[in-house]
Amino acid sequence: MKSDQLSKTAAFIAIKLYGLTRIPAFQSLFDDSVIKFYDRVVQNLPFPLNYYRYWLKFNWVRRLYIWSEELLLPGDLLHIIARKYYIRQLINELKDDGYRQIVVLGAGFDDLAFTYSQKGFSCFEIDVPHMAKYKQQFLNKHYPDSNHPDTINAHLTNNQQKLPFGSSSTINRDKKTIIIAEGFFDYLQTDLVENILHQIKQYFSDSPALISTHFALDELPLHHRWSFKTGVKTVGEELKLHYNITQFRKLLTSNGFIIKKQFDHQTIASKLQQKIGTDLPILQGFYLLMSK
Ligand SMILES: C[S@@+](CC[C@H](N)C(=O)[O-])C[C@H]1O[C@@H](n2cnc3c(N)ncnc32)[C@H](O)[C@@H]1O
């Protein structure tokens with residue numbers, strides 16, 4: 001990931017969420033304000049990505065898109081809806097437990113920090129400079145009168161591993177905090193992920209709740225693994241954390257995190273399929289974890 005480029009993986013997450021939530025059953029999982037947010041995000045994307053907004057309004061285009069996506073990487077589409085939906089459920093549970101600060105790592109075009117800024121949370125987003133600037137301009141343009149998250153630019157690399165946790169940081173170390181790493185660690189080398197986990201543990205007085213996704217690529221059939229990696233490479237990004245779920249769990253626990261919840265693709269799929277009556281699958285090897 002370069003610091004001066006728009007993240008296409010982040011853009012396609014927004015596009016896929018936008019496309020699927022044209023369908024009422026999927027739309028019912030989210031507040032209207034969230035649906036509107038992604039509509040605006042896709043509208044605001046640079047050409048030709050913004051054209052998805054127009055085309056995905058047509059039923060036949062969506063069917064074609066879903067068919068081709070399911071052929072290349074089955075479950076990719078529904079896993080986007082699933083992670084956006086389940087992360088929200090986890091945050092709402094943590095809210096009842098007094099958590100009032102959210103830090104989103106590699107925020108991309110995600111709405112969480114903005115959405116929870118309207119609900120009394122202090123929210124922060126961290127992303128590479130280009131993305132952070134883009135997001136800030138987007139919020140200024142479309143939500144001039146709303147509370148905004150604090151958008152911090154940081155391109156984390158093996159040479160620059162520091163999170164914005166210095167003495168002048170506006171992130172309150174004493175507040176009960178939720179850290180979101182959704183589709184983020186996968187793009188970083190193992191040492192860097194380890195260092196980030198260590199910094200998180202050191203900075204906060206109370207252990208924060210870490211909500212993270214993980215893709216265990218070893219659980220995918222070879223041709224789908226290839227599709228996944230190639231798809232990411234085609235848009236100029238790269239998956240770097242090639243850990244199975246046991247290794248990923250160990251990475252968390254060896255850095256002092258206790259895993260409180262873990263959802264796998266089957267559990268998520270059966271709950272979601274039952275809830276909204278879809279027969280779309282969820283990407284094999286996809287996990288959502290909450291650790292403290
Ligand atoms: C796959 S996108 C996920 C976006 C968002 N979390 C979501 O799930 O909708 C990955 C995001 O991480 C950011 N990112 C990737 N590598 C990064 C790095 N080394 N430092 C900071 N941000 C990075 C990208 O710019 C991008 O916005």
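Trainee: Among contacts between residues at least 6 apart in sequence, what share joins residues at least 24 apart?

Mentor: In this predicted model, 74% of those contacts in the protein chain join residues at least 24 apart.

Trainee: And how many helices and strands does the chain have?

Mentor: The protein chain has twelve helices and seven strands, and its C-alpha atoms fill a box of roughly 55 × 45 × 40 Å along the principal axes.

Trainee: What does the radius of gyration say about a compact globule?

Mentor: A compact globule of 292 residues would have a radius of gyration near 19 Å, and because the protein chain has 18 Å, the value agrees with that expectation.

Trainee: What percentage of the residues is buried?

Mentor: Buried residues account for 39% of the 292 in the protein chain. The largest nonpolar core holds 80 residues, and those touching the most other members are Ala14, Ile102, Val104, Ala113, Ile178 and Ile180.

Trainee: Take Val104, then; which residues does Val104 touch?

Mentor: Leaving aside residues up to four places away in sequence, Val104 touches Asp110, Leu112, Ala113, Glu125, Ile126 and Ile180. Of these partners, Ala113 and Ile180 are themselves listed with Val104 among the core members that touch the most others.

Trainee: Switching to the ligand, which residues come nearest?

Mentor: There are 21 residues around the ligand, of which Met1, Ser7, Thr9, Gly106 and Gly108 come nearest.

Trainee: Which helix gives the most to that shell?

Mentor: Helix α1, spanning residues 8–20, gives the most, with three residues.

Trainee: How does the shell divide into nonpolar, polar and charged?

Mentor: The shell around the ligand has eleven nonpolar residues, seven polar ones and three charged ones.

How values were computed. Residues are numbered from 1 along each chain as its sequence is written. This is a predicted model: local features need pLDDT of at least 70, side-chain atom pairs count only at pLDDT 80 or more; totals for chains, interfaces and linings use all residues. A residue is near a molecule or strand if its C-beta atom, placed from the backbone, lies within 6 Å of it. Helices (H or I, at least four residues) and strands (E, at least two) are DSSP runs, numbered from the N terminus. Ala, Val, Leu, Ile, Met, Phe, Trp, Tyr, Cys and Pro count as nonpolar, Asp, Glu, Lys and Arg as charged, and the others, Gly among them, as polar. A nonpolar core is a set of buried Ala, Val, Leu, Ile, Met, Phe, Trp, Tyr and Cys residues joined through C-beta atoms within 7 Å. A residue is buried if 20 or more other C-beta atoms lie within 10 Å of its own, exposed if 12 or fewer, and partly exposed in between; C-beta atoms are placed from the backbone. Two residues are in contact if their C-beta atoms, placed from the backbone, lie within 7 Å. The radius of gyration is taken over C-alpha atoms; the globule rule is 2.2 Å times the number of residues to the power 0.38.
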